[in-house]
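Morning, everyone. Please bring up the sequence and the model on your screens, and keep both in view while I talk.

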Amino acid sequence: MSGQENPNSIRTSIWHEEPEADNPFAAAACYCRGYDVYGDLLGKARYTEYLYLLFKGERPTPNVAAALEILAVALANPGPRDPSVHAAMAAGVGGSTAASVLMAALAVGAGSYGGAREVFLALEAWQNNGTELAAWRSSLAGPAAPTRQQVWPEPEHPPGFDPYGKQCANPVRQTLVHLVEIMPAGRLAWLAQEQAALETAAGHPLAMTGVAAAALADLDFSPSEGEMLALLLRLPGAAAHALEQGKQGFRQFPFFELDLENDPGPAFSKEHA
């Protein structure tokens, strides 16, 4: 194919492989953004540092790495009350495959009610409003902007805020405090300073998605990058709870109660057994 580009070539700036001398389909060395993964990074780089390298194409500074580490821990397990974790637990107790468990968690955790899409929308709000309180007040006072993709329903509450809460939950406050200690300037610090004013404008307390979006904005993640990372970071808790629930069985499934008031009684049971 002289003078023409190989149609089978892989176009990526993320990854490069050098083949083994005796096997062109096996890699002798793998480079991520120019770093030798198994020769230089393995045993030296933390997982979150490697994630940052994959997404952003450069090595994180110590502060950025520390902030991402805090965010990863904060998002790793939303808990069994979270719909995405609950979905994974339901899949696990029903004997679904490991992939099905994680797909259930991803499907439910992808939306705009505490999910990754809400992080996306909150990151867009940071792009549009910056650290201008007047802009935030105007944005929060009006209806949510229509989404570009019709696959997503229009959000029914301000992204980054808890639609059902009465006050900001303690884990949200604790996460914000720790992140601000690491990154004392930028959107996180401004969010901590103006939290009460923003909550008044939104009519809702700050949510973990709002803190995550501010942190990701300070870490220079785009809305699309932040959405993808939020999906990825929330999976460990879903996996662990699903495995536990699979061992415990359906009789110990949380939040399951028989509706005795609407129980049709023995007659129904005999007729339809």
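First, some ground rules. This is a predicted model, where local features need pLDDT of at least 70, side-chain atom pairs count only at pLDDT 80 or more, and totals for chains, interfaces and linings use all residues. Residues are numbered from 1 along each chain as its sequence is written, and side-chain values use heavy atoms, with hydrogens and water left out.

Let's start inside. A nonpolar core here is a set of buried Ala, Val, Leu, Ile, Met, Phe, Trp, Tyr and Cys residues joined through side-chain atoms within 4.5 Å. Buried means under 20% relative accessible area, exposed means over 50%, and partly exposed is in between, with a 1.4 Å probe and protein chains only.

How many residues does the largest nonpolar core have? It has 46. Trp126, Leu188, Leu198 and Leu206 have the most contacts inside it. Several helices each supply at least two residues, among them α2 (47-56), α6 (116-129), α9 (187-202) and α10 (208-218). Helices are DSSP runs of H or I, at least four residues long, and strands are runs of E, at least two; both are numbered from the N terminus. Which helix gives the largest share of this core? That is α10, with eight residues.

Now pick out Leu198. Contact means heavy atoms within 4.5 Å. Setting aside neighbours within four places in sequence, Leu198 touches Leu133, Trp136, Leu140, Phe161, Trp190 and Leu191. There is also a second, separate core of twelve residues, including Ala91 and Val101.

Next, charges. A salt bridge is a side-chain nitrogen of Lys or Arg within 4 Å of a carboxyl oxygen of Asp or Glu. The count comes to six.

Take Asp82 and Arg234: their side chains meet at 2.9 Å, N to O. Asp82 sits in the loop between α3 and α4 (83-93), Arg234 in the loop between α11 and α12 (235-248), and they are 152 residues apart. Asp82 counts as buried because its relative accessible area is 16%. Arg234 is buried too, at 10%.

Asp218 and Arg187 form another bridge, at 3.3 Å, N to O. This one links helix α10 to helix α9, 31 residues apart. Asp218 is buried at 16%, while Arg187 is partly exposed at 30%. Salt bridges also link Arg46, Glu49 and Glu69 into a network.

Last topic: rings. Rings of Phe, Tyr and Trp (its six-membered ring) pair if their centres lie within 6.5 Å; planes under 30 degrees apart are stacked, over 60 edge-to-face, and the rest tilted. The structure holds six aromatic pairs.

Why is the pair of Tyr52 and Phe221 edge-to-face? Because the planes are at 70°, with the centres 5.9 Å apart. Tyr52 lies in helix α2 and Phe221 in the loop between α10 and α11, so the pair ties together parts 169 residues apart in sequence. Ring pairs link Tyr52, Phe55 and Phe221 into a cluster.

Trp126 and Trp136 also pair edge-to-face, at 4.9 Å centre to centre and 70° between the planes. Both are buried.

One more feature. A charge sits over a ring if NZ of Lys or CZ of Arg is within 6 Å of the ring centre and within 35 degrees of the ring normal. The charged end of Lys56 sits over Phe221, 5.5 Å from the ring centre. Arg117 does this over Phe120, at 3.9 Å.
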